[in-house]
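Good morning, colleagues. Please turn to the structure that I shall now put on the screen, and I will take you through it topic by topic.

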Amino acid sequence: MDKLASGYGLIEGPVWDPRRGLIFSDVPNGGVYCLDRSGRVETVVEHRRGIGGIALHKDGGLIVSGRNVAYKGPAARETVVLLDRDEQLGIVGFNDLTTDTRGRIYVGSLCSSPFDPAQRGSPKPGWLHVIDTDGSSRRLADNILLTNGLGFSPDGARLYHSDSRANIVGVYDVRPDGSVGPRGTLARVDEGIPDGLAVSEDGAVWVAAARGGAVVVFEPDGRERERIRCPLPMVTSVCFGGDDMRDLYVVTGAEGAGSPDAGSIFRLRVAVAGLPVPPALVKLP
């Protein structure tokens with residue numbers, strides 16, 4: 001792996017923008033950044049902390065998670081909240097997200113903070129949500145202990161979903177209306193915990209093994225194909241990029257690296273191309 005950038009606390013939400021390069025966040029320190037093709041890093045969104053998921057929007061700008069799911073960008077003067085916290089349900093925020101080919105946004109909610117030591121022993125499960133293109137939202141599935149990576153199969157018929165506290169990569173059958181069937185288990189990560197994920201064009205699921213120092217590649221039937229070792233233990237997420245989508249970007253946190261700003265971005269060439277993640281088409285109020 002080639003190290004492209006370093007100096008971050010916990011990098012999350014990587015998404016490839018063909019125009020600009022790799023978009024990513026720093027969860028504890030705040031901000032969204034872009035690593036361009038020349039290796040230069042620039043700030044895209046200032047300050048906002050807790051962003052675990054990012055998607056492009058068709059009108060320019062970004063969909064970001066955190067204390068809510070929101071749009072930030074040139075199509076609106078202010079931040080546009082698309083899905084907010086819910087005190088009645090106990091939702092305190094949102095983590096990773098993805099989009100389908102219709103432009104809907106799929107995102108997992110948090111009902112307890114993964115950064116609060118007092119809540120780690122008895123986590124409150126959250127939900128899987130979808131934000132439809134008209135801006136309305138629905139809860140699709142429940143009992144997700146710690147929602148993380150999301151990604152669709154090449155035909156869009158299956159949705160993969162990491163549940164880090166359950167230590168599984170879950171899988172749902174997706175219905176035409178965007179709803180999902182009961183959650184099954186694609187695979188378990190036996191070294192580290194499943195975090196962010198990406199899907200390649202052959203249907204394999206590439207899963208970041210946080211605290212496991214690796215990216216684990218699972219076949220569509222759940223068999224382990226390959227384990228790619230990373231120089232740092234806290235592998236938080238992955239995404240595909242480059243002109244041919246064969247650059248695998250691996251992002252990490254500083255935990256276990258001996259320095260609070262050791263979070264880094266790595267890149268390696270792989271044999272199979274990744275699936276591009278479609279832009280969100282959700283209507284902005």
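I begin with a definition: on a 1 Å grid over the protein atoms alone, a pocket is an open set of points where a 1.4 Å probe fits, with protein on both sides within 12 Å along at least five of seven lines, and lining residues have an atom within 4 Å of a point. Grid points are joined across faces, edges and corners, and a volume is the space filled by probe spheres set on the points.

This is a predicted model, in which local features need pLDDT of at least 70 and side-chain atom pairs count only at pLDDT 80 or more, while totals for chains, interfaces and linings use all residues. Residues are numbered from 1 along each chain as its sequence is written, and side-chain values use heavy atoms, with hydrogens and water left out.

The second largest pocket holds about 570 Å³ of space. It is lined by 34 residues, and those closest to its centre are Thr98, Leu275, Pro276, Val277 and Pro278. Which strands supply at least two residues each of this lining? Among them are strand E2 (11-17), strand E10 (93-99) and strand E22 (235-241). Strands here are DSSP runs of E, at least two residues long, numbered from the N terminus. By class, the lining has 22 nonpolar, nine polar and three charged residues. In that scheme Ala, Val, Leu, Ile, Met, Phe, Trp, Tyr, Cys and Pro count as nonpolar, Asp, Glu, Lys and Arg as charged, and the others, Gly among them, as polar.

I turn to the aromatic residues. The structure holds six aromatic pairs, where rings of Phe, Tyr and Trp (its six-membered ring) pair if their centres lie within 6.5 Å; planes under 30 degrees apart count as stacked, over 60 as edge-to-face and the rest as tilted. The rings of Tyr8 and Tyr33 have centres 5.8 Å apart and planes at 55°, so this pair is tilted. Tyr8 belongs to strand E1 (residues 2-8) and Tyr33 to strand E4 (residues 32-35), so the pair ties together parts 25 residues apart in sequence. Both Tyr8 and Tyr33 are buried, that is, under 20% relative accessible area with a 1.4 Å probe and protein chains only; exposed means over 50%, and partly exposed lies in between. Together with Phe24, Tyr8 and Tyr33 form one aromatic cluster.

Elsewhere, Arg139 lies over the face of Trp127, 5.4 Å from the ring centre. The rule asks for NZ of Lys or CZ of Arg within 6 Å of the ring centre and within 35 degrees of the ring normal.

How many disulfides are there? With a disulfide taken as a pair of cysteine sulfur atoms within 2.5 Å, the count is zero. The sulfur of Cys34 is 11 Å from the closest cysteine sulfur, that of Cys239, which is too far for a bond. Cys34 is buried at 2% relative accessibility, and Cys239 is buried at 6%.

Finally, the backbone. Most residues other than glycine have a negative phi. Asn167, although not a glycine, has a positive phi of about 65°; it sits in the loop between strand E15 (158-163) and strand E16 (168-173) and is partly exposed at 22%. Met245 likewise has a positive phi, of about 60°. Met245 is in the loop between E22 and strand E23 (247-252), and at 14% relative accessibility it counts as buried.

Technical notes: Helix = DSSP H or I, 4+ residues; strand = E, 2+ residues; numbered from the N terminus.
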